[in-house]
Amino acid sequence: MDIKTKAYVFITLAMVGGALFPLALKVATDNGANIFTFMFFSYIIATATSFTLVVLKGKLPELRTYLRRPKEYVKTGLAGFAFAGLIFYGLIYAEQFIAATFATVIYRMQPLLMLAFIPFLLREKISRTQIAALLLGVGGIYIALSGGNLLAFSGASTVMVLFLLLIVFIGAFAAIFIKRYATNMECTMFMFNSVSLVFATALFFFSGAHLMAFNTLSFLALLYIGIPTSVFVTYFYFRAFRTLKTTFVTNFYLLSPFITAVFAAAFLSETIEPYYLAIAVLVSIGIFIQRFDKKGGTYATKSGNKLRDFVIFDVSGAFSNTGEVGIANVLRNGGRVLAVKLSAKHENAVMDMIKEKSYSNVYTHRHAPIAEEVNFVKETTGAGPDDMILLKAGGFDDGEAFFSDVSDAVGPEALEKLDYHNNNK
C-alpha cells in the first residue's frame, strides 16, 4: 500500500473510531460512571497499551532517547494533552453553564482556529478555497446541532463561551505543533497518554477519588476509550495529519459528528434528525472543492524572498518512518523536507551545483532508499515521467537558501513558469 493510500485509510479509521467515542462515553455515564474516575482508569489503560505498542514495534530504544530529553518528552506530552484531554475536561466543565450541543459546536471550530498557526509553524499557504471548505463544514455542524435555528444559542454565557474558545484555540495550536515536530508516533502515543495520566490522576483525587463498580457495559466502554480511542484513533489521525494536506484532514474529520449520529441510530435507536444531513452535505462539498485547490498547502517562503512564486512542497510527513538516516535525524531535530519538481533538462546543471557547493541532505528521485517516499512526492508535486524531483532536508531557512541557489543555477523565470503552470492545471 503506497503512502498516500495508507494515509487515506488511516484518516478514515480515525474518523470512524473517533465517532464512537461520544457513544462509549454516553454508555459509561448512563451506567453510573463517575467521569473523573472513568477517565483516570482509561488513561491507565491507554498508557499501558501505548507502552506495549512501543515494545512490539521495536521502538523502546527511541523511547529511552526521549526519556533522556525530559524537556522534549514533557513538551510532546503536553501537546497531546492539550489536543485531547484539556478539551475533554474543558467541555465537561463548560457544559455546566452552556448547552452541551453549543459546546460541541465551539469544539468543532478547532479546524478553523488551526488556520491561525498553519502559516507560522508549518509555512503552508492558506487559500480562499481551504477557508471556504472549513466554513462549510463548521456551518453544517452548527445547523445540525442548533436544529436549524441560527439563534438557538444566543443566550449562552459569554464568559464560558470565551473560556471554551480559549481551550479549543490551545488545542488547535497543539495539533499544528504535533505536526510540525515529527517525533516517532509510537513513542508519541506513550508520551501523550503518560502525561495525560498525570493530569487525570490529579483531577481524580481533586474530585474526591471516588471508586466505582463497573458493570459489563461500562467496562466495555472503558476498554474502548482506553485502547482504540486513546491510542489507535489518535495514532491513525496524526499519521494521516502529518502526511496529507492539513486542511483536507481537518475538513474530512468534520464528518465525524454525522457518523456518530449514524452509529447512535444503529446501536442506541436514536433518531437521525434531518438537520444532521447538513453535516454530510456541506462537509462533502468542502472536500470536493479542495480537490481543485492547487495553491493551498504548498510551502510559503518568507515575505520578500525571491522564491515567493516558486512552488515548493513540504513533504516531511511522507518521511515520518523513513530509513534514510540523514532525513530521520533532520526530522527528529525539528527540520523539514522540502521538494520541487524540475524539468529533466535541468538535472545536469543542478547536480553540478550540488557537487560544487557540497550541500548536505540533498536527494533526488534516483536515490533508491527513498523510492517509496519519492512516489508520494511525485504525486504531490504533479511530476511527470520526464521531471526531476529534488529534495532538501533541513531547517526552513536552509531549505530556502538551497532552492534560491537552484533558481540561480537553472534560471528563475524558467523554474517559476514550469512549476507554477504545471501545478495549476
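The lining of the second largest pocket comprises eight nonpolar, 13 polar and 12 charged residues, where Ala, Val, Leu, Ile, Met, Phe, Trp, Tyr, Cys and Pro count as nonpolar, Asp, Glu, Lys and Arg as charged, and the others, Gly among them, as polar. The model is predicted, with local features requiring pLDDT of at least 70 and side-chain atom pairs pLDDT 80 or more, whereas totals for chains, interfaces and linings use all residues. Residues are numbered from 1 along each chain as its sequence is written, and side-chain values use heavy atoms, without hydrogens and water.

On a 1 Å grid over the protein atoms alone, a pocket is an open set of points with protein on both sides within 12 Å along at least five of seven lines, a cavity is a set where a 1.4 Å probe fits but cannot get out, and lining residues have an atom within 4 Å of a point. Points are joined across faces, edges and corners, and a volume is the space filled by probe spheres set on them.

The second largest pocket holds about 850 Å³ of space. Among its 33 lining residues, Lys4, Lys245, Asp293, Glu379 and Thr380 are the closest to its centre. Helix α18 provides the largest share of this lining, four residues; helices are DSSP runs (H or I, at least four residues), numbered from the N terminus.

Two cavities of 30 Å³ or more were found. The largest cavity, of about 40 Å³, is lined by five nonpolar, three polar and one charged residues. The second largest cavity, of about 30 Å³, has one nonpolar, three polar and three charged lining residues. Arg242 lines both the largest cavity and the second largest cavity.

Key:
Helix = DSSP H or I, 4+ residues; strand = E, 2+ residues; numbered from the N terminus.
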